[in-house]
Amino acid sequence: MTAALQAFPTAPIASDVASRDATNDADARDRAPLSGLAGLLLPTEPVRPETSVLDVAQQFLDSRHAGLLSLPVVAVGGRPVGMISRYELMRVFLQPYGRELYGRRPITALMDRAPLVLPLSTSIDEAARTIAAHVRSPITDDFVLVDDAGYAGTGLVLDVLHAVEHRLAERSRELERAYARLKASQSQLVQSEKMASLGQMVAGLVHEINTPLGYVRNNVEMTRAALGDAARLVSAQQAVIDALTGEAEPDDDLDTRFAEVGHLRTRVDAAALDDLCGLLDDTVHGVGQIGELVLNLKDFSRLDQAGLQKADINRLVESALRIVAHVLRKRDIEVVLKLGEIPPLDCAPAQINQVLLNLLSNAAQAIEHERGRIVVATQALDRRVLVVVEDNGKGIEAEHLSRVFDPFFTTKPVGQGTGMGLAISHQIVEQHGGAIRVSSKPGTGTRFLVVLPVSGAAGAAP
Amino acid sequence: MSAPLPSVLFVDDEERILRSLRMLFRGRCEILTTTSGREAVEWVRRRPVHVVVSDQRMPGMTGVEVLREVAAHSPATMRILLTGYADMDAVTASVNDGEIYRFIEKPWVAQYLVDTVEQAARVARHDFALAAARPAASAASPVDTAVAARVAVLDDEGALAAQVRELLPAAVRVEHAPDLEGTLELLADHDVAVVIARLSSADGDVADALKQLKRLRPATLAIVVSSLRDSRLLIGLINEGQVFRFLLQPAPRELLRRGLAAALERHAHLRTQSDLLQRHAVDAPRHEPVATTTGRLLQAWRRLREAAMLRIA
């Protein structure tokens, strides 16, 4: 017997019971997860201990009791004293002369004297545990619910099962939601890492773009001014020529026009026009550079995850190098490229870009001396592609080496690294069915090795 | 015969920028160009250069480093930064270390650059001539900075004023004004050597006032203390306000002390050699003082202008 049952108090009238608000089954099931067993309460009218077996059998026929396996037996004062099940009645009535032998006896003769009694405040989980410990097969009985005032009603085992199921479903939904939130916040982290590294890039890129923009604008302004001079020269010369050839009457201002031609010719001569051509060549070059930078930037800002494409890893390396060019140039870092013959790779180019960018900017940041050197090598091996990024920077301490791919692990000063760069790179490479390894010697340098299957994640060896 | 053309040195690691600039300034000045910061410094050491226009981001030496060296070797040379990207650290260093005349961003407007460089060249030629006429003496003799100097602190909190008071010798009068009106009244009534202003918002009256003030009182030097990491604001304060120092709040004691000492010395120098004032000429503010200006503030401005007129007369 459960503790709940032993703690049961003996108290007032049971006749109140029938007048409690009727609760239908559907309602009970809906409310169940909210209020424990109270939500499953059925205000079943109990039978008295002295009621005859035949009368109880009659009561089972009452349509209000159609859904019940058993009826509670409650003494005056509201104390439940037993439970009588249809099963038990049927067992007795099916015996020869069962009806005649037991029909007139009080129900106490047949009832289960130790029914399952649970307080209304019991939680669904606890009720489920108690029922599981108590239940017999086949399930023949429901259970009695009590409150401080004594008998409160009955509860159905089936309802408890439904409620448990409901709660399990709710929990798994909660888990799903938590998982979804986690996934979203991770992709947010990936995103913010991308933004942070982009933010560092922006400064350099703005400079890279404004430099050509500077001379392009200046050259165009000067060309416009020179063209104005040239136009005036042509019209002045025309006027002079017309006057000389007699095409037109010489104007009074012919002398002035002559002077103008003389003056303008010093400004618009063959040499000046040659210079102008040179400026326009520079301008075309500058506009091309700006276009290229914008194109690179577009590659890096692409957020699509899916886009699996065939890509040339060497081109990705070159494009990533262009993005970090300003950092490398500012620190006078020499870049050694050893690019091999590489077959096109099945990958998400924007993601591989992110990995390369991360490795390159880490390499640049690791170099604190003035003889900086970064080696980038690619090589095809069987059905795999190897990418090596090696620097001669300060290296990584042995105790940090095993943690560099951990999320949030950083040795950079606050605000300079999110600690997510390598963790994300690691994830991206794994998603491509590849691997990323690091080796380092403090004071000498660090080498990252990325291995990617040529045929993408699908073709990766298991 | 007219004076020889002023010499202008352009420093940029992009050849095409130099080519473009050579073309723009052809016939206007003697043009020197180099892609190396070190070579630029060498040049200034070897021969008079009136104006140096340098890029900021270059391999080897940054523009600010170049200009700081230039200032050390040839104080009369005017220094201009011409750069494609203004990060806050570079702009702050350009004020505090480079004491630059203008901060110009790429892409530049051709006419503005020409005008600015020519203006700078005029000032530099004047100063070169002055230095030649008064050899050694003026440059070497220490100026007595403390005499009757007056410092105004615009600080709505008061902590900065207390710190300034503590850092300066007793002979210097430190006046504290909690608001702009008070500061302007101080300026109208007294000859103020240095204004130290705490700047808490980029678009407030204070930044505008500092710019206006430089036009009326070129000899008064401004030190701005602010927590705003806003490079655009600072570029405005350089070009339109010739701010003397910009310190990020909380300003390190030593930096503030050195800034104050340098400002007082510069002020004394400017007072004895008013010819030098042209170095502090400013661009017209891009916009007029804000429309929210109160009556009291307008009153203070009027008094300040009248006082400035009297001084000139």
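Which residues are linked with A:D282 in a network of salt bridges? The network joins A:D282, B:E14, B:R16 and B:R19. A salt bridge here is a side-chain nitrogen of Lys or Arg within 4 Å of a carboxyl oxygen of Asp or Glu. Over all chains, the structure holds 37 salt bridges.

The model is predicted: local features need pLDDT of at least 70, side-chain atom pairs count only at pLDDT 80 or more, and totals for chains, interfaces and linings use all residues. Residues are numbered from 1 along each chain as its sequence is written, chains are lettered from A and ligands numbered from 1 in the order in which they are written, and side-chain values use heavy atoms, with hydrogens and water left out.

Individual salt bridges were then examined. A:R173 pairs with A:E170, and their closest N and O atoms are 2.8 Å apart. The two residues sit three apart in helix α7 (residues 157-245) of chain A, so about one helical turn separates them. Helices (H or I, at least four residues) and strands (E, at least two) are DSSP runs, numbered from the N terminus. An α-helix has 3.6 residues a turn, so residues three or four places apart point the same way. A:R173 is partly exposed, at 37% relative accessible area. A:E170 is also partly exposed, at 30%. Buried means under 20% relative accessible area, exposed over 50%, and partly exposed in between (1.4 Å probe, protein chains only).

A:D346 forms a salt bridge with A:K310, with 3.2 Å between the closest N and O atoms. This pair links distant parts of the chain: A:D346 is in strand β8 (residues 345-347) and A:K310 in strand β6 (residues 309-311) of chain A, 36 residues apart. A:D346 is partly exposed, at 25%. A:K310 is exposed, at 56%. In chain B, B:E175 bridges to B:R173 at 3.6 Å between the closest N and O atoms. B:E175 is buried, at 17%, whereas B:R173 is partly exposed, at 47%.

B:R217 has no salt bridge, although it is buried. The nearest side chain of opposite charge, B:D191, is 5.3 Å away. Lys and Arg count as positive and Asp and Glu as negative; His and the chain ends are not counted. The side chain of B:R217 instead reaches the backbone oxygen of B:L187 at 2.8 Å. B:R217 is placed in the loop between α9 (205-216) and β9 (221-226) of chain B.

In helix α3 (residues 53-61) of chain A, the buried residues are A:V53, A:V56, A:A57 and A:F60. Down the axis of α3(A) they fall within an arc of 100°, so they line one face of the helix. The arc is that of the directions from the helix axis to the C-beta atoms. A:Q58 and A:L61 are exposed on the other side. The buried residues of α3(A) pack against β1 (70-74), β2 (80-85), α4 (86-94) and α5 (98-102) of chain A. Contact means heavy atoms within 4.5 Å.

The peptide bond joining B:K106 and B:P107 is cis, with omega about -5°. B:P107 is in the loop between β5 (102-105) and α5 (110-133) of chain B. The bond from B:Q249 to B:P250 is cis, with omega near -5°. A:Y97, a residue other than glycine, has a positive phi near 65°. A:Y97 is exposed, at 64%.

Technical notes: A polar contact is a pair of N or O atoms within 3.5 Å; within protein, one must be able to donate a hydrogen and the other to accept it, and residues adjacent in sequence count only if both atoms are side-chain atoms.
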